[in-house]
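Here are my notes on the structure, written as numbered points for a reader who is new to this kind of model. Please keep the sequence and the 3D view side by side while reading.

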There are 2 protein chains.
Amino acid sequence: MKEIEYIKIIKETISDSSYIGDDCAFLDAKLLGDKGLFVTQDSLVEDIHFNLSTISPCQLGEKAINVNLSDLAAACAEPVFVTISLSLPHYLDIDFVKQFYLGVNSACEKYGIKIAGGDLTGSDKLFISICAAGKKMIPYSVSRRNAKDKDVVVTTGFHGDSAGGLRLILNNISKPQSLVNAHLSVQPQIEKSMLIANAAENDFAMMDTSDGLADALFKFSQESNVNINVDFESIPISRELKETFFDDYKNLVLWGGEDYQLLFCLSENVYEKLDKNKFFKIGNVVQTDSNPCVKIKDNNQNYVIDKDMFSKKSFNHFGEK
Amino acid sequence: MKEIEYIKIIKETISDSSYIGDDCAFLDAKLLGDKGLFVTQDSLVEDIHFNLSTISPCQLGEKAINVNLSDLAAACAEPVFVTISLSLPHYLDIDFVKQFYLGVNSACEKYGIKIAGGDLTGSDKLFISICAAGKKMIPYSVSRRNAKDKDVVVTTGFHGDSAGGLRLILNNISKPQSLVNAHLSVQPQIEKSMLIANAAENDFAMMDTSDGLADALFKFSQESNVNINVDFESIPISRELKETFFDDYKNLVLWGGEDYQLLFCLSENVYEKLDKNKFFKIGNVVQTDSNPCVKIKDNNQNYVIDKDMFSKKSFNHFGEK
């Protein structure tokens, strides 16, 4: 099978193949808006980020797009186009490519995103790298450096379900389905991102919780040089997660990762405009003169996530280098 | 070593790290121009596209950027930004990342290109995927589908040197240096692309010869549905290539690949405006009613590159699937 034959199948599989065929794809100025572009690139590597025995090619295609859309949501950007680089090991064939692109296509169609080509090559293991770009929608800066004293800390939904789901999958347990689904299928918070954009009145801090809730909270504290106080009781946690992992669900909630919720810090009065059934206040921001950290209150327990604890607990993609 | 530590080194290594730190990088509307954007993504996989024993980390970083800039040159696009995804095996460390980004930075600095973040993760082998975007500069369409009857076929420089250099490298031969360099260091034809843009008066066909001269000629014939007649004698070929591979240099010229020259088809009168020391006419386009192909005249020999011959000779990244 040659690249030209793979490209033929891809063009037949996606809804709009008009951007595929030349060395570059052209995106019209009208598509890009006039306020600038947000760009992001995320890669998924076989046996590091996924295992082909536990996720279908179609689910993988959908997830690969959605993890990038989650980054655009974290910038309040409206998704416009993606480019897709796929490196195929010898044990994957044309059927895989077709199923993968069916997943890619359904994720892109949902938001009217253009598939603006990419690259297809061989490799030892499956490697997926996707670049996504979105339009700037609001005049304010959205950055993890914008958390400030008296801000409230807000998130958009359950944490821990994805990591719980992964643990079930690795033990060949298929229930609760909601946890397994939370791991296999990422829901980028585009709609909620737009609601936040509509409510915003000035610069604010936002990121997604792809690397874990504690990771995101800690990054806010370090990048904005503030303390983040969190009431653990107020973090949205599913009944399924508590009942399935009653012994250490709290660990999954804080450190599990891959939840792809939004976490943001903005002023109380902006938060008051948001729907309390969709946005959950979990803490507040306090200025500090030194050693910014995250302080978590859990019943009578209080503990601190500082540099030392973070470097012990946080996920290391690279192994112990 | 954690991702956060790698990112620290990358920010210290590149000239302008202001785009790095959030889930997305923001590109200002002024940077992007108002005529639309060309985007491309190319990946380089260890032991498929390069071998770490034959290219330095710095050369690799430079090459990874330049192969993408070559695609932008083929669209007459002015490069604006790149995003970079790097997947590191355990046997590569912080020194590799620093050297790689020194190469990335020097390639980007040369054209004032913004390094707009990307992704860093682990893997079994080194995997590099780069997305590059450039501004539209001319009102005409530049596509491999635009070759038309009576066009002249033009290229920008030597073919075969890169493949010849690779063959030397694989045999641990370091001379002629010019051939080895042609393989290790890619020169994207940005300046010549701008000269073509300035001369252009209507839509024309262009691509780079990264997959080989014969591959590019054949793609023009298939995508534009025309015959391409080429006079082999008029193809720019270096003395070093002829003297080193006198037995089969012609094979390297046509099928070697990785030359990253521009190949284009446009009207005779536009060609007349171009500097004949920089642009070399190698053939012409002839309309056909059926079975478009490439016809190569070499002294008294004539041969045809049609679908059958092409599928036999062209490079297959994917092995014999």
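1. A:Asn172 sits in the loop between α5 and α6 of chain A, and its phi is near 55°, a positive value in a residue other than glycine. Most residues other than glycine have a negative phi, and most peptide bonds are trans.

2. Before going further, please note that this is a predicted model, in which local features need pLDDT of at least 70 and side-chain atom pairs count only at pLDDT 80 or more, while totals for chains, interfaces and linings use all residues. Residues are numbered from 1 along each chain as its sequence is written, chains are lettered from A and ligands numbered from 1 in the order in which they are written, and side-chain values use heavy atoms, with hydrogens and water left out.

3. A:Lys150 also has a positive phi, near 80°, although this residue is not a glycine. It is placed in the loop between β5 (127-136) and β6 (152-155) of chain A, and with a relative accessible area of 64% A:Lys150 is exposed.

4. A:Pro176 belongs to the loop between α5 (161-170) and α6 (177-184) of chain A. In chain B, a cis peptide bond joins B:Lys175 and B:Pro176, again with omega about 0°, and B:Pro176 is found in the loop between α5 (161-170) and α6 (177-184) of that chain.

5. Is B:Pro79 buried or exposed? At 6% relative accessibility, B:Pro79 counts as buried, and its place is in strand β3 (residues 77-88) of chain B. Leaving aside residues up to four places away in sequence, B:Pro79 touches B:Leu69, B:Leu72, B:Ile113, B:Ala133, B:Gly134 and B:Ile190, where a contact means heavy atoms within 4.5 Å. B:Pro79 and B:Ala132 are 53 residues apart in sequence, yet their C-alpha atoms are 7.3 Å apart in space.

6. Turning to chain A as a whole, its secondary structure comes to twelve helices and twelve strands; these are DSSP runs numbered from the N terminus, with helices being H or I of at least four residues and strands E of at least two. Of the 321 residues of chain A, 58% count as buried. Among the contacts in chain A with a separation of 6 or more, 84% come from residues 24 or more positions apart.

7. How does the overall size of chain A fit expectation, and what box do its C-alpha atoms fill? With 321 residues, a compact globule would have a radius of gyration near 20 Å, and chain A agrees because its value is 20 Å; the radius is taken over C-alpha atoms, and the globule rule is 2.2 Å times the number of residues to the power 0.38. The C-alpha atoms fill a box of roughly 60 × 50 × 40 Å along the principal axes.

8. Finally, the domain assignment of chain A gives domain 1 (3-136) and domain 2 (144-313), with bounds that come from an automatic or database assignment. Their contact takes 17 residues from domain 1 of chain A and 19 residues from domain 2 of chain A, and the C-alpha centres of these two domains lie 27 Å apart.

Definitions and conventions:
Buried < 20%, exposed > 50% of the residue type's maximum accessible area, 1.4 Å probe, protein only.
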